[in-house]
Amino acid sequence: MTRIPRAYAPFPLSRPRRTRRTAALRDLIAETRLGVNDLIWPIFVTDVPGADAPVASMPGVTRVTIDGAVRAAAEAAELGIPALCLFPYTDPALRTEGCEEAWNPDNLINRTIRAIKAEVPDIAVMTDIALDPYNANGHDGLVRDGVILNDETVEALVRMALAQAESGADILGPSDMMDGRIGAIRRALESAGHQDVAILSYAAKYASAFYGPFRDAVGASGRLVGDKKTYQMDPANRDEALRLVARDIDEGADMVMVKPGMPYLDICRAVKEAFGVPTFAYQVSGEYAMISGAIANGWLRDEVILESLLAFRRAGCDGILTYFAPRVARILAERA
Ligand SMILES: NCC(=O)CCC(=O)O
């Protein structure tokens, strides 16, 4: 934390408004900046006929086909967005209790990675590692007798990670919150010759009600049996987040994430200060829905988008996953 030895000379020697007088002066003393290179753009991919459609609870977000994902990658590259993060809307017929589709080398996500890498090789492709889009019951882990199985799930996640790395993913994002998964994935990547694949661990992922629209987007809303509180974190906890980040770094994570974003900026700041590692936040679907809903109704101006993202930078984040990424990239380009 920055300590301020003395605030200001007594008024009128100091007039803090002097440095706020013009845009040039304000720019000069700005402590934090938001750039297009701070953004990761999450997109939803599907190969289910007719499912490539707008997500009602996320105005402005549309599920895309694999071709659409390649076009999004080209658009991101054009706009200067460095990375895309892929989430699947899986065919309901492929969602099973065993989640086998998750590590199918030819599943939707692996085909999408290969298609993007063939056409837009320089964009960083990030993936999601969790079983929920493939699970009949909507959970991130395998379930037996109502219990989310940790170690069996980790084995499944390792298979999933290897298939994604094999397909050319640059960044793997384990978002499942099982214990021990980062170390297991890291060891498997090393043994399989994928030592250069990065892991962005969802280290501090809270059991949050802000994920609702995302579950609509991946078709998991009606499926979830119970809740995710036995694996995702209690929103009441801060020290636990720091312990989990420490653990994931020790297990081989290259970067860490706090999720959700806006209600958890205190966690972002604490993580960055404690560890100094590349720290990301996810401005999740519920945050997106709140802001875009208010803008669509004329209750807020779209300036709040930039303000919300700048707040992540001020809280210490190196980057932000946000559905606003292309919109923000265009606004930033217009203002440059
Ligand atoms: N692994 C992704 C999520 O769990 C939810 C993200 C969101 O709500 O945008």
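**Barrel architecture and ligand shell**

In the predicted model, eight strands form a closed barrel in the order 1-2-3-6-7-8-9-10, and their pairing is parallel. From one strand to the next, the twist averages 30°.

Helix 3, spanning residues 108-119, makes contact with strand 1 (39-46), strand 2 (83-89) and strand 3 (124-129). The direction of helix 3 makes about 175° with that of strand 3. Helix 7, formed by residues 239-250, also packs on the sheet, where strand 7 (198-205) and strand 8 are touched; between the directions of helix 7 and strand 7 the angle is about 160°.

Strand 8 comprises residues 255-259 and pairs with strand 9, residues 279-283, in the parallel sense over three bridges. Within this pairing, Val256 has Thr279 of strand 9 as its bridge partner.

The ligand is surrounded by a shell consisting of Asp128, Ala130, Ser175, Tyr211, Phe214, Val284 and Ser285. By class, four residues of this shell are nonpolar, two are polar and one is charged. Among the surrounding residues, Asp128 falls within the span of strand 3, given as 124-129.

Confidence estimates accompany the prediction. The mean pLDDT of the protein is 96, with 99% of its residues reaching 70 or more. For the model, the ipTM score is 0.95 and the pTM score is 0.97. Where pLDDT is low, predicted coordinates should not be read in detail.

Technical notes. Residues numbered from 1 in each chain as written. Predicted model: local features only at pLDDT ≥ 70, side-chain atom pairs only at ≥ 80, totals over all residues. Near = placed C-beta within 6 Å. Nonpolar A, V, L, I, M, F, W, Y, C, P; charged D, E, K, R; others polar. Pairing = 2+ DSSP bridges. Helix = DSSP H or I, 4+ residues; strand = E, 2+ residues; numbered from the N terminus. Axes fitted to C-alpha atoms, helices over the stretch in contact; angles between N-to-C directions. Contact = placed C-beta atoms within 7 Å. pLDDT = per-residue confidence, 0-100.
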